[in-house]
Amino acid sequence: WGLYIALFIFFMGLSAGSLVLAALPIVFSLPRFRPYAKLAAFVALVSLVIAGLFILVDIGRPERLWRIVRFGQLSSPMVWDMLLTVAYFIIATIFLRRLMTAKSDSDVKVIAWVALLAGIADGLTALVFATQVGREYWFSAVQPIAFFTAAVASAGAVLLLLLVVLKSAGYNVPSTKDLAPLAWLTACAVALGLLLQASELVTHAFTRSASAMVLVNNTLASPLFWIEVVAGALALFVLILPATRRSSLGLATGSTLAIVHLAAKRMEFVRIGFAVPNISYAGVEIAPAVAYAPGLVEWAVGIGLLAMFGFLLGIGLYTLHLLPEEK
């Protein structure tokens with residue numbers, strides 16, 4: 001597992017977080033979040049498609065995907081994750097369609113509740129990792145909470161960046177002032193993620209067990225970890241300081257830093273999970289010092305699917321009424 005899985009986790013989180021942000025203003029009557037509900041729902045749908053493509057690429061033999069249906073066990077978190085992904089796709093599609101056709105929010109409140117619960121269930125994706133008893137870093141009850149926090153942060157950051165870009169291109173989107181609640185939400189999610197990361201490291205360091213100290217030392221020696229921390233801290237300050245939060249450049253910078261923070265988090269999450277095993281495997285040497293770097297094919301496929309994400313977003317903005325109507 002490498003770049004493909006890291007980006008799968010990122011886009012699954014983006015899908016879940018976007019679904020939550022699309023449902024929140026309808027479920028709890030939040031008018032300041034309402035203008036970009038349709039856009040958030042569409043981002044959720046497109047992100048899910050891209051996440052699925054990353055899994056197909058990672059499998060290497062996608063024609064064998066049917067075997068998870070034929071031989072899957074309901075006790076497996078992987079099977080539940082697959083079922084959740086299918087449910088995501090159906091719910092996101094129905095929700096977006098209802099948002100585009102409904103005459104009032106009361107007409108979509110039921111499906112909005114379903115979408116909200118589906119987004120919160122992103123913790124099931126984390127269970128695929130959190131139940132891996134052989135991996136020191138993944139085997140943690142914190143992972144489902146950390147996954148949901150990162151999901152909200154990624155959705156907020158991507159929506160902020162997208163709305164700022166659309167605003168500069170002349171689209172009718174909320175003003176910079178109206179984006180303040182979304183900026184605050186993104187900053188809070190990033191801050192909570194950093195707090196959870198610090199809590200994990202302090203807890204492991206306090207035990208002073210051999211495997212825990214290997215994990216702590218390996219993490220602190222990783223450039224990805226420091227990119228994650230520095231980018232997250234900078235994003236937090238840029239998004240909460242009034243001087244930067246009230247400008248398009250500040251919002252674009254803060255959201256971009258948050259995306260870099262989350263991308264580094266996902267790469268480090270996959271890397272450190274394999275670097276520090278806590279179960280010995282007979283005849284297999286897994287060296288913590290081995291550094292992972294994506295190959296040329298991985299970079300090409302990754303960039304290609306990221307470009308497809310942008311292309312699908314562009315198609316949606318061009319063909320669907322995802323933004324507020326001109327007054």
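What volume does the second largest pocket have? The answer is about 510 Å³. Before we walk through the rest, a word on the ground rules. This is a predicted model, in which local features need pLDDT of at least 70 and side-chain atom pairs count only at pLDDT 80 or more, while totals for chains, interfaces and linings use all residues. Residues are numbered from 1 along each chain as its sequence is written, and side-chain values use heavy atoms, with hydrogens and water left out.

Let's begin with the pockets. On a 1 Å grid over the protein atoms alone, a pocket is an open set of points with protein on both sides within 12 Å along at least five of seven lines, a cavity is a set where a 1.4 Å probe fits but cannot get out, and lining residues have an atom within 4 Å of a point. A volume is the space filled by probe spheres set on the points, which are joined across faces, edges and corners.

The largest pocket holds about 650 Å³ of space. Its lining has 26 residues, and Phe8, Ile55, Leu65, Met82 and Thr85 are the ones nearest the centre. Two or more lining residues come from each of α1 (3-27), α2 (37-59), α3 (67-71), α4 (77-101) and α6 (123-130). Helices here are DSSP runs (H or I, at least four residues), numbered from the N terminus. The largest share of this lining belongs to α2, with nine residues. Sorted by class, the lining has 19 nonpolar, three polar and four charged residues. In this scheme Ala, Val, Leu, Ile, Met, Phe, Trp, Tyr, Cys and Pro count as nonpolar, Asp, Glu, Lys and Arg as charged, and the others, Gly among them, as polar.

Back to the second largest pocket: 25 residues line it, and Leu7, Phe10, Ile259, Ala263 and Leu306 lie nearest its centre. The elements that give two or more residues to it are α1, α7 (143-168), α10 (223-240), α12 (248-275) and α13 (296-319). Here α13 provides the largest share, seven residues. The lining is made of 22 nonpolar, two polar and one charged residues.

The structure holds two cavities of 30 Å³ or more. In the largest cavity there is about 190 Å³ of space. Of its 16 lining residues, Tyr137, Gln143, Ala146, Gln197 and Lys265 lie nearest the centre. At least two lining residues come from each of α7, α8 (180-207) and α12, and α12 gives the largest share, five residues. This lining has seven nonpolar, four polar and five charged residues.

The second largest cavity has a volume of about 40 Å³. You can find it by looking for its lining residues: Ile9, Phe10, Gly13, Leu14, Ala150, Ala151, Ser154, Leu262 and Arg266. α1, α7 and α12 each give two or more of these, with α1 giving the most, four residues.

How do α1 and α7 pack against each other? Their axes are 7 Å apart, at an angle of about 75 degrees. Axes are lines fitted to C-alpha atoms, for helices over the stretch in contact, and angles run from 0 to 180 degrees between N-to-C directions. The two helices are therefore roughly perpendicular, a label given to angles of 65 to 115 degrees. In the contact (heavy atoms within 4.5 Å), the α1 side includes Ile9, Phe10, Gly13 and Leu14, and the α7 side includes Phe147, Phe148, Ala151 and Ser154. By class, this contact has 13 nonpolar, five polar and no charged residues.

Another pair to look at is α2 and α13. Their axes come within 10 Å and cross at roughly 155 degrees. The pair is therefore roughly antiparallel, a label for angles over 145 degrees.

Finally, α8 and α10 pack with their axes 9 Å apart, at about 145 degrees. Their crossing is left-handed. Contacting residues include Ala183, Trp184 and Gln197 of α8, together with Phe225, Glu228 and Val229 of α10. By class, the contact of α8 with α10 has 13 nonpolar, three polar and one charged residues.

Note on methods. Parallel < 35°, antiparallel > 145°, perpendicular 65-115°, else oblique. Left-handed = near helix turned anticlockwise from the far one by under 90°.
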